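This report covers a two-chain model. It takes the domains, the pockets and the chain interface in turn.

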There are 2 protein chains.
Amino acid sequence: MKIITIEWRNNKIKLIDQTKLPHKLEYLYIDKLEDLWQAIKQLKVRGAPALGAAAALGMYLGIKDAKAKDFKLFTKELERVSRYIGSSRPTARNLFWGIERVRRVLKVNKNKSVPTLKRLILEEAHKVIASDMASCRKIAQYASNLIKDNDTVLTICNAGILATIDYGTALGVLYRAKEEGKRIKVFACETRPLLQGSRLTAWELKQRGIDVTVICDNMAATLMRQGKINKVITGADRIAANGDTANKIGTFNLAVLSKYHNIPFYIAAPVSTFDLNTQSGAGIPVEERGAREVRELLFKKIVAPKGIKVFNPAFDITPHNLISAIITDKGVIRQPSRKKIKKILG
Amino acid sequence: MKIITIEWRNNKIKLIDQTKLPHKLEYLYIDKLEDLWQAIKQLKVRGAPALGAAAALGMYLGIKDAKAKDFKLFTKELERVSRYIGSSRPTARNLFWGIERVRRVLKVNKNKSVPTLKRLILEEAHKVIASDMASCRKIAQYASNLIKDNDTVLTICNAGILATIDYGTALGVLYRAKEEGKRIKVFACETRPLLQGSRLTAWELKQRGIDVTVICDNMAATLMRQGKINKVITGADRIAANGDTANKIGTFNLAVLSKYHNIPFYIAAPVSTFDLNTQSGAGIPVEERGAREVRELLFKKIVAPKGIKVFNPAFDITPHNLISAIITDKGVIRQPSRKKIKKILG
């Protein structure tokens with residue numbers, strides 16, 4: 001079964017409702033910008049690269065019926081849509097990159113007619129999607145040397161098909177390894193509070209016939225100590241100029257454990273995830289989400305005393321010195337530094 | 001409200017059903033050994049010291065109606081009960097210590113009459129309980145110098161009232177700090193898969209008016225990096241002769257993170273948790289529990305694909321070199337080693 005996470009179909013955004021997995025594969029057809037905003041906020045669509053596509057498609061969705069008659073008014077309208085989409089989630093760089101890609105269309109097509117601009121924006125959104133698909137394949141290709149036969153890989157959250165359009169970053173690396181005939185095993189951290197690991201990563205790896213075992217996040221150290229993990233690979237939500245990397249909460253935890261156990265720790269992400277305007281991890285905005293995600297198990301069963309305080313950051317920052325390499329669609333950056341990143345990103 | 005986790009009452013074992021917390025404080029009255037075995041297995045009663053008491057009371061429960069007429073037959077009966085209770089959970093040292101304490105009664109009272117032996121066994125079970133209560137107070141007393149005003153302490157699982165009879169080991173240290181007028185804040189790791197942190201620790205700290213915030217286990221590294229934690233204290237299920245410590249899964253994780261962030265990492269446990277016959281952590285049996293605990297959120301909502309593989313160790317081993325000190329009821333063992341442990345345990 002070919003799964004496409006998000007696409008433009010019949011004048012709507014068609015996307016997998018990821019909150020329904022692993023129970024059912026259900027699609028949403030979104031034709032209102034407000035519904036897209038909610039889908040992003042509620043993690044029905046998530047994963048940095050998929051959010052880039054969602055943002056670009058959302059830009060078109062937001063202006064396709066715009067009544068603006070001239071370039072100036074149309075630009076104003078698009079700016080409003082940009083700000084609105086940008087207010088959904090703060091951390092994932094690709095969301096803003098998707099917005100920027102579309103805004104740039106207006107910069108290089110000054111004073112074109114509104115119908116032309118609308119057409120160009122839809123084309124740009126399609127290019128964003130095509131570019132994501134190509135990036136995933138390139139990341140997997142560059143990572144090919146790093147993955148060996150019989151590797152056992154630990155990952156967290158979901159940096160797979162469901163986080164991109166159709167192949168994945170960290171998990172794309174594993175899909176390619178399988179295509180190359182390498183035998184690999186994967187341990188998936190369940191990824192509290194919203195369990196993207198057990199719900200999404202375990203689901204898609206199983207679909208693709210990859211040997212996967214789910215663990216609770218706090219079991220990673222034990223697996224490493226038992227010698228059962230020889231590589232850690234995760235995706236990224238935003239990478240600062242010096243290589244400090246924001247990714248799902250728990251990633252930094254794994255990076256420290258990897259260092260202690262001398263296990264290579266890799267980030268797999270397209271160059272669109274880099275934010276060269278942010279100098280280091282300290283400058284990356286980290287989304288804090290509601291207490292109910294932690295207090296209640298997927299909003300159903302209350303598991304903590306009523307009103308108990310909760311700290312619920314959605315992401316953490318892994319300092320660049322804990323990262324063995326960042327695998328990008330332009331090549332592998334070993335022991336990432338400001339200089340090496342600048343060189344690769346050109 | 002005075003809470004007693006487990007006691008002998010009206011010829012029955014009265015204990016808090018901890019699987020019902022934090023929703024309701026409900027007691028079980030157990031008069032069949034099989035029901036006690038199930039209560040231990042299902043974690044209705046848990047925590048190493050409380051399991052010591054449960055085992056000792058269970059020994060009495062198991063033989064109080066024994067028909068054996070002489071010492072030999074009675075001994076045989078008690079041995080059967082010992083093996084049965086010992087088969088409930090393998091890791092907690094105190095469970096076996098509770099059993100041993102009662103078995104010893106027969107060794108030092110050879111050929112006494114069966115009614116006398118029964119009476120002596122009940123007395124011994126009461127002594128086990130009294131000893132646990134005294135141990136908790138002594139641990140807290142020895143730890144008093146280690147806890148400062150304005151400390152923010154991270155803990156995992158539950159090493160409090162609910163893990164002992166009425167005061168706790170790691171949490172007892174915090175209750176004493178509060179009694180001494182020190183202002184402390186606590187972060188409680190929720191402790192997947194069974195959430196003893198958010199269900200039990202948050203509940204009892206809140207009851208006692210201690211400032212507590214719940215986090216998912218994978219958020220600990222971020223808190224440490226933000227400088228929000230200046231001490232980590234946990235309980236223990238079994239401590240080997242060299243200081244290697246088995247405790248709830250996730251403890252070793254915190255120990256590595258503490259080392260990396262230069263934060264003192266303390267274990268609080270009575271000497272009854274030490275197992276000098278086990279040379280190091282490698283010799284400690286670690287219970288592996290069922291997949292449903294991970295696949296389903298408290299057995300209600302399925303959150304992983306059907307039949308997905310799960311790795312679910314209930315405990316992990318923290319090597320002694322990551323432990324800043326073990327706080328016991330006989331004194332504080334800093335940088336624990338075989339020699340220092342032997343000296344304290346006498």
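## Domains of chain A

Domain bounds come from an automatic or database domain assignment. The model is predicted: local features need pLDDT of at least 70, side-chain atom pairs count only at pLDDT 80 or more, and totals for chains, interfaces and linings use all residues. Residues are numbered from 1 along each chain as its sequence is written, chains are lettered from A and ligands numbered from 1 in the order written, and side-chain values use heavy atoms, without hydrogens and water.

Chain A splits into domain 1 (6-138) and domain 2 (147-345). Their centres, taken over C-alpha atoms, are 25 Å apart. In chain A, 30 residues of domain 1 are in contact (heavy atoms within 4.5 Å) with 34 residues of domain 2. These two domains bury about 2,800 Å² between them, 55% of it on carbon and sulfur atoms. Buried area is the accessible area (1.4 Å probe) lost by two parts on being put together, summed over both. R46(A), T91(A) and R93(A) supply 23% of what domain 1 of chain A buries against domain 2 of chain A, more than any other three residues.

## Pockets

A pocket is an open set of points on a 1 Å grid over the protein atoms alone, where a 1.4 Å probe fits, with protein on both sides within 12 Å along at least five of seven lines; lining residues have an atom within 4 Å of a point. Volume is the space filled by probe spheres set on the points, which are joined across faces, edges and corners.

The largest pocket holds about 490 Å³. Its lining has 19 residues, with T19(A), Q42(A), L194(A), L298(A) and F299(A) closest to the centre. Domain 1 and domain 2 of chain A both contribute to this lining, so the pocket lies between them. The second largest pocket holds about 370 Å³. T19(B), Q42(B), L194(B), L298(B) and F299(B) lie nearest its centre.

## Chain A against chain B

Contacts join 56 residues of chain A to 56 of chain B. The chains bury about 4,700 Å² between them, 69% of it on carbon and sulfur atoms. N218(A), K309(A) and F311(A) supply 15% of the area chain A buries here, more than any other three residues.
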